[in-house]
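Trainee: Please walk me through a few features of this model. I would like to know how to read each one.

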Amino acid sequence: MKWRYPVLIFGGLCCSAWGFIYRPFPMPGEEPLLDLLLYHTPNFYIWVVRWYYVAPAVAVVVGGLIINTVYHVWFEKMEDHLPSYKVLPDWPLSPKKDAGPGIVVGEVHHPVKAVEIPNPKWLVIPERGLYTGVAIFGAVGSGKTSACMHPFAQQILSWQAKEPKLRAAALVLEVKGDFCHDIRKILADAGREDDYIELGMDGRWQWNPLSATWLDSYSLAYTVSSLLNQLFGKGKEPFWQQAYTNLVRWIIELYRVLPDQWVTLRQVYHCAIDKELFEAKIKAAEAYVRQRREGTIVMDGKDYLPNMHSLKDWKWRENVEEATCRTALNPALEARLEQLNIKYEIEWSESMVGEEIRHRVEAVNRWYQHDWGMIDNKIRSSIVEGISVFLSIFDLPDVARVFCPPKPKEQAPAQHVKDDPDDPHSFVPPGLGLKVRQSLPPLDELIESGKVLALNMPAGTNPALSRAVGVMLKNAWLQSLLRRPALFICDEYQSFASVGEDDPSGDEKSFALTRQCRCIPIVAT
């Protein structure tokens, strides 16, 4: 310690002073040898006198330094192995309802040395600090997951675990597969096992990445084209990404105007590579528009009066000036008029909804005829090939069953969702070999009900599919955030990052905007 050296010097001076007072140097005549030295070498005699008084101080200082060195070399390291007794303050996170979430990172000891102190403090990231994000950096095997991800997830997911309206929802992304099981155990320890939902190739849930109806077709198409560039590299010419985006966008728009209003990546792939299917879908959309047009049957008043009794099942409106009768178009009425041999006319009109659909179909047809159809065949083939390289992944049966499901008939309420692999109702009887899968409820319902959604798709099996689904799920989940605490936790973040100054859906923009939605991003890379 620094205080040892001043103490040694002060002790040496005290010894010299004690010798000067109580043991003075022999006076001349007392020691013949000293007298002889004084007679022949008076200068040397003066140095002998001085050394007589200084020697005790030097001896004390040198002896203290030797003892200090021995202590540092042999005994100080032994103290590090002795048990240390620390007195920590109370746990800083309060279980009260009005207290927000927080993270205890660890203990605060000596400010400059890696040594423990008897009275350390807690290092806490409060609620407002969490919304700015936590990034964990470290080499492979340095303990990012075990030392940071696990305790951080445990603290946030255990916060207000008994309050359904307050507890945090979460999205978990990782590439190794074991972290999802750890999250499930954390939820079970907190009494939230029913909140765990796992999306994977062998799970019971289906999710359509294009099912976000609140997102416009351009945003969905841009996400697909951005993923294509991230997976296979981005060229210097922006034409190709624009062409990919345009093609996917109008295919999504086409399927959205059809009666089902449901589109999957598999359907986009089929429509992109099949010209006849594309044209058939446009014709089907045009036929649907014609069906939605509202018609009015107009007949002469002279023909209505004699047949009033036969036509009483329909509400007729008389026009005295034109001497006509009118009613809404009805197939049964048309058959009755044909049976009675009554002449009539049909006046067509459109509702506001039908007119909007008609304009959208016309826009798709206009793009197909005057934009897509005018591109050279070779360039068009290159665009389709670039899209099919990525979208063909979703044409495989096992992938399509999970991520390209049919439109669900009834959506299960989020509060009844439970991911139980041992549930007998989630499997087909033995012999069929396929699980009965359920459509994942809307992400906003999962967030609002405090569910923890985990994507368990190890990257070793299919890296492209794992990254594509993870990025699309991350974007959709961040855009669905509501005003309740939600945790976004991602291990091996470099596999799911989507950033870039020219990408409107980049994570640096999403995390900046979701601060107001109380999103807590924790990523490790």
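Mentor: Start with arginine 326. Arginine 326 touches Thr296, Ile297, Val298, Lys315, Trp316, Arg317 and Glu347, leaving out residues up to four places away in sequence. Contact means heavy atoms within 4.5 Å. This is a predicted model: local features need pLDDT of at least 70, side-chain atom pairs count only at pLDDT 80 or more, and totals for chains, interfaces and linings use all residues. Residues are numbered from 1 along each chain as its sequence is written, and side-chain values use heavy atoms, without hydrogens and water.

Trainee: Is arginine 326 buried or exposed?

Mentor: Buried means under 20% relative accessible area, exposed over 50%, partly exposed in between (1.4 Å probe, protein chains only). Arginine 326 has 17%, so it counts as buried.

Trainee: Which side chain does arginine 326 join in a polar contact?

Mentor: A polar contact is a pair of N or O atoms within 3.5 Å; within protein, one must be able to donate a hydrogen and the other to accept it, and residues adjacent in sequence count only if both atoms are side-chain atoms. Here the partner is glutamate 322, at 3.4 Å.

Trainee: What about glutamine 206: buried or exposed?

Mentor: Glutamine 206 is buried, at 12%. Its side chain reaches the backbone oxygen of arginine 401 at 2.6 Å. Beyond four places in sequence, the contacts of glutamine 206 include Val402, Pro405 and Leu440.
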